[in-house]
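Here is a friendly note to go with your first look at this protein. Please have the model open while you read the points below.

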Amino acid sequence: MDRDSLVARNRRMAEALHRRSRRHQLRDALLRFAARAPMPSGRGETKRLLVIRPDHLGDALLATPAIQALKRSRPELAIHALCSLANAELLANYAEIERVITLPFPGFQRGDSSMGNPYRLAFQWAGRLRRIGYDSAIVMRQDHWWGALLAWLAGIPERIGYDTPAVRPFLTVAQPLERVHAVERNMRLVERFAGPPSAALQLEFTPRQADMHAVSALLADWGVSRDQVFICIHPGAGAASKLWTGEGWARVADRAASRYQAAVVLTGAKNEISLCQEIAAAMQRPATIAAGATTVGQLAALFKSALAVAGPDNGALHLASAVGRPTVALFGPADPLEFAPWGDRRRQAVVTAEIGCRPCRILDWRGDDPACHPCLREISPEQVLAALERALAVD
């Protein structure tokens with residue numbers, strides 16, 4: 001298949017996958033019908049606001065500038081965050097959030113399909129939230145009908161979210177969904193309270209001193225001296241379609257180590273240890289494998305001490321930009337306009353392949369031949385190294 005035919009084929013398939021299925025249309029109709037019932041009553045005025053953020057690390061981080069702006073504008077509000085257990089440590093680090101409540105959101109537990117009935121879970125958790133009492137809830141994901149249903153069942157009087165078919169029936173304020181960066185999109189959800197931003201939005205995360213000390217000890221254990229420059233590569237991602245090649249990362253790591261006289265630290269979750277081992281085995285120089293060895297706070301502290309951080313589109317790169325380090329992010333199916341690491345584009349570099357069907361925004365091609373989706377494979381090590389050099393030239 002020639003290049004033009006492949007692009008046309010992938011565009012047609014992406015359009016079909018983005019089209020709402022009959023099952024989803026039926027679900028949306030049932031949700032609209034359910035929303036016509038009388039809303040359960042809440043506790044009355046409480047001056048508490050609930051932010052519902054079901055996603056993973058990067059999405060939670062990209063919500064924090066809006067949360068901070070909200071608290072600056074309305075200091076009297078007690079902001080609670082409802083999130084996954086994986087993001088509790090991250091969000092608890094922000095003084096603007098008074099309370100973090102963890103919930104095993106249906107559909108967001110990687111590797112766990114034993115969540116049971118999502119509607120029963122919604123009724124159970126609605127009772128808990130009703131006992132706490134909230135004046136307002138903000139659903140910070142555009143398709144999260146379950147979170148909107150939960151806020152409605154909890155009797156929260158004001159419910160703000162995005163104007164999408166499954167979410168809209170349970171909202172009192174529906175914000176148009178625009179193709180802008182997630183930081184800006186989240187900010188528009190809180191403008192009802194905070195108004196438009198008066199200055200450039202900042203994505204910031206401050207590691208705790210305990211985490212900085214822990215990382216200093218880890219670096220010493222790994223044989224990285226205090227004055228040694230090191231580069232972090234975080235090669236994993238939440239979807240296989242976002243992954244680059246191990247060989248590519250090995251070549252980038254070797255050449256960057258030589259160019260900057262730097263050690264290389266490969267980071268990731270426990271389930272990404274084998275990926276890091278594959279990269280280390282393909283390298284000519286030694287590398288430290290830190291996958292599975294750090295908490296989120298320690299990972300942030302490690303990144304803060306690094307020369308730069310590189311990886312595919314993943315939450316770790318958002319963490320690196322939040323601690324002020326240059327990043328190089330490789331994007332394939334996702335849209336960097338919406339999800340690139342936030343900040344100065346010269347320091348938060350994005351690398352993509354030149355193919356006409358990108359970004360398709362399809363993370364799971366459901367068994368289609370991977371050879372038909374070369375958007376990441378076509379990125380060369382030379383492109384990544386050039387982006388790293390540009391990012392470091394600004395630092």
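**Notes on the model**

1. In H11, the buried residues (under 20% relative accessible area, with a 1.4 Å probe and protein chains only) are Val296, Gly297, Gln298, Leu299, Ala300, Ala301, Leu302 and Phe303. That makes eight of the 10 residues in this helix, which spans 296-305, so H11 is largely enclosed by the rest of the structure.

2. A word on where this comes from: the model is predicted, so local features need pLDDT of at least 70 and side-chain atom pairs count only at pLDDT 80 or more, while totals for chains, interfaces and linings use all residues. Residues are numbered from 1 along each chain as its sequence is written, and side-chain values use heavy atoms, leaving out hydrogens and water.

3. For the overall picture, the protein has 14 helices and 12 strands. Both are DSSP runs numbered from the N terminus: helices are H or I with at least four residues, strands are E with at least two. Along the principal axes, the C-alpha atoms fill a box of roughly 65 × 55 × 40 Å.

4. Of the 395 residues, 54% count as buried.

5. Which residues have the most contacts inside the largest nonpolar core? They are Leu90, Ile138, Phe303 and Leu319, in a core of 59 residues. Helix H3 (residues 57-73) gives the most to this core, with nine residues. A second, separate core has 33 residues, including Ile233, Trp249, Val252 and Ala387. Such a core is a set of buried Ala, Val, Leu, Ile, Met, Phe, Trp, Tyr and Cys residues joined through side-chain atoms within 4.5 Å.

6. Leaving aside residues up to four places away in sequence, Leu319 touches Leu61, Leu90, Phe205, Val296, Leu299, Ala300 and Phe303.

7. Finally, have a look at Asp344, in the loop between helix H13 (336-339) and strand S12 (348-351). Is Asp344 buried, partly exposed or exposed? Its relative accessibility is 31%, so Asp344 counts as partly exposed, a class that lies between buried and exposed (over 50%). Asp344 and Val394 are 50 residues apart in sequence, and their C-alpha atoms are 9.5 Å apart in space.

Definitions and conventions
Contact means heavy atoms within 4.5 Å.
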